[in-house]
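User: I'm new to this one and would like to know what stands behind the labels. Could you walk me through it?

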Amino acid sequence: MQNYYLIGSPIAHSKSPAMMNTSFSILKIDAHYGLREATVERAPAVVDSLREENAAGWNITMPCKEIMAALCDELATASRIGGSVNTVKNINGRLFGYTTDGIGFVSAIRSLGTDVTGKKIVLLGTGGAASAILIQAALEKAAEIAVFFHRPESGRKAAEMAEKLSDVSPTVIHLYRYDDAFMKKEILSCDILVNATNVGMDTGKAGGASCLIPDASFLASRPLVYDIIYHPAMTPLLQMADAAGCRTGNGLSMLLGQGAASFKIWTGCDMPEEQVLEKVFR
């Protein structure tokens, strides 16, 4: 039996074990996926123990994605540019690091009937998920990506990634501070709008969930609107976009897509995504 794991903290709530073990069962693969709690400080020791166990691979979640990049022997292009790893394949003790979050995003957009190649994307946010989306969309040769950020340090981080991407991708990347008038101009000329922040997630707070888009006039050109949040399934942004006649998608398809990409890296097999969706998420 081959053993796979998720490492990070906290991880008890993760759907990854159910996704992976359901897939192993359906495809009759002799493997098991478990959990290994790890802080940044404990990550090197946990990785050493997984090497000793000869675990076939593992996923990494917060807060260990960046330290994992430093612990790998080889990095795929997206992980090298982003300095982050969420999937490791162990081949005879040699660790190969990948990031599949961006792959999951591209897969999700394809499931909605379009492709990022040659498209203009407006990306709201510069955090971990946003960075993965930026990198993969550029590697997939999006025509243009306009990234909006709040803090100067976020802008500097995104600028460093854009500089690295310029060596491997023809995608034109623009970085902007949030400004409603300018954001509206960019969204009205884009093909795909992505909320890669957690704005819209906290419906329990006083006043309800919020939205980075002030009103539906920003969506008059009807771009495809994607929100990486999947709980709630319809964020205020997606409700606004749906009412405006836009195609919409939430982060559940990205979650499935990134898991499927990890599964493919490890096993060479396609994850049975429809069955996993039915058994794990419904």
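Analyst: Among contacts in the protein (heavy atoms within 4.5 Å) between residues at least 6 apart in sequence, 70% join residues at least 24 apart. Bear in mind that this is a predicted model, where local features need pLDDT of at least 70, side-chain atom pairs count only at pLDDT 80 or more, and totals for chains, interfaces and linings use all residues. Residues are numbered from 1 along each chain as its sequence is written, and side-chain values use heavy atoms, leaving out hydrogens and water.

User: How do you know whether the radius of gyration agrees with a compact globule?

Analyst: The radius is taken over C-alpha atoms, and the globule rule is 2.2 Å times the number of residues to the power 0.38. For 282 residues a compact globule would be near 19 Å, and the protein has 19 Å, so the two agree.

User: Why is Ser154 called buried?

Analyst: Buried means under 20% relative accessible area, with a 1.4 Å probe and protein chains only. Ser154 has 10%, so Ser154 is buried. Buried residues make up 49% of the 282 residues in the protein.

User: What makes the link between the side chains of Ser154 and Thr126 a polar contact?

Analyst: The term asks for a pair of N or O atoms within 3.5 Å; within protein, one must be able to donate a hydrogen and the other to accept it, and residues adjacent in sequence count only if both atoms are side-chain atoms. The Ser154 and Thr126 side chains are joined at 3.5 Å. Leaving aside neighbours within four places in sequence, Ser154 is in contact with Thr126 and Phe149.

Definitions and conventions: Buried < 20%, exposed > 50% of the residue type's maximum accessible area, 1.4 Å probe, protein only.
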